[in-house]
Amino acid sequence: MAWIFLACAIFLLGIFKSRDGVLLQPRLRNLFISCILLLAIAWNIRAHMPNSNLQNFIDLSFHFFGASLLVALFGFWSAITLLFIVALAGIFTFSGDLVEATSHYIMVSVIPAIFAYLVIRAVNRFLPRHLFVLILGNGYLAGFISTFATGILIYGLQQIFQINSFGTSDPLGWFLGLIVLSFMEGSLSGMLLAILLVYRPQWVSTYQEERYMNA
């Protein structure tokens, strides 16, 4: 029950914090629906690592998480609000397990979104205002670092709670798999962000044309 209460609390906080954000813009309504449906499908097209401990949902599974991309597109609070709906549509609808849906939401949505937000803040503060830097930083680096840092956190939880899974039986395999997973997440996020910046820059909240094009 702790997973459910924590996930609902985060979701409600996200709604409160994003009440004046992009979620209330009617022009983006179709984009929100598309993101929810596509990510819900992506979360169900996944490959698990050997000997994964799925009951505790604290192991690696290969699929596109999308948390860092949504943060780059809509901001942190709007992203975690949408990701809660993705968890319900993509996990609860198919499995009927609310605990699994909420734990999935927290472990591969909220936590990566926090890391992605910190990376994007650092990129915007310390790196030059350049379109290539925006794509590389907010897209690739945010996706890679947020996934890798989340994987390290999950591995640490495995050790603390002594959860027997692939990470404890083969640590080297775990980290190699994590690197592949992080690279995939970063590459897809960077590629999709670049496409959107070219064809639909108005959908990217972290992009301000006057700042980047003038620079």
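A charge sits over a ring if NZ of Lys or CZ of Arg is within 6 Å of the ring centre and within 35 degrees of the ring normal. R200 meets this condition with W203: R200 lies over the face of that ring, 5.6 Å from its centre.

The model is predicted, and local features need pLDDT of at least 70, side-chain atom pairs count only at pLDDT 80 or more, and totals for chains, interfaces and linings use all residues. Residues are numbered from 1 along each chain as its sequence is written, and side-chain values use heavy atoms, with hydrogens and water left out.

A nonpolar core is a set of buried Ala, Val, Leu, Ile, Met, Phe, Trp, Tyr and Cys residues joined through side-chain atoms within 4.5 Å. Buried means under 20% relative accessible area, exposed over 50%, and partly exposed in between (1.4 Å probe, protein chains only). The largest such core has 46 residues, and L70, L73, F74, L83, Y105, L193 and V204 have the most contacts inside it. At least two residues of this core come from each of α1 (2-17), α2 (29-44), α3 (67-74), α4 (76-95), α5 (98-126), α6 (131-161) and α8 (171-199); helices (H or I, at least four residues) and strands (E, at least two) are DSSP runs numbered from the N terminus. A second, separate core has 9 residues, M107, V108, I154 and L178 among them.

Contact means heavy atoms within 4.5 Å. Neighbours within four places in sequence aside, L70 is in contact with C35, L39, G75, A79, L82 and L83.

Helix α6 also holds S146, which counts as buried because its relative accessibility is 1%. The side chain of S146 reaches the backbone oxygen of A142 at 2.6 Å, and a polar atom of that side chain lies 3.1 Å from the backbone oxygen of G143. Leaving aside neighbours within four places in sequence, S146 is in contact with S68, P112, F115, A116 and L141.

Rings of Phe, Tyr and Trp (its six-membered ring) pair if their centres lie within 6.5 Å; planes under 30 degrees apart count as stacked, over 60 as edge-to-face and the rest as tilted. The structure holds 9 aromatic pairs. Y140 and F183 form an edge-to-face pair, 6.3 Å centre to centre with 75° between the planes. This pair links helix α6, with Y140, to helix α8, with F183, 43 residues apart. Y140 is partly exposed because its relative accessibility is 24%. Ring pairs link Y140, F144, F148 and F183 into a cluster.

Technical notes
A polar contact is a pair of N or O atoms within 3.5 Å; within protein, one must be able to donate a hydrogen and the other to accept it, and residues adjacent in sequence count only if both atoms are side-chain atoms.
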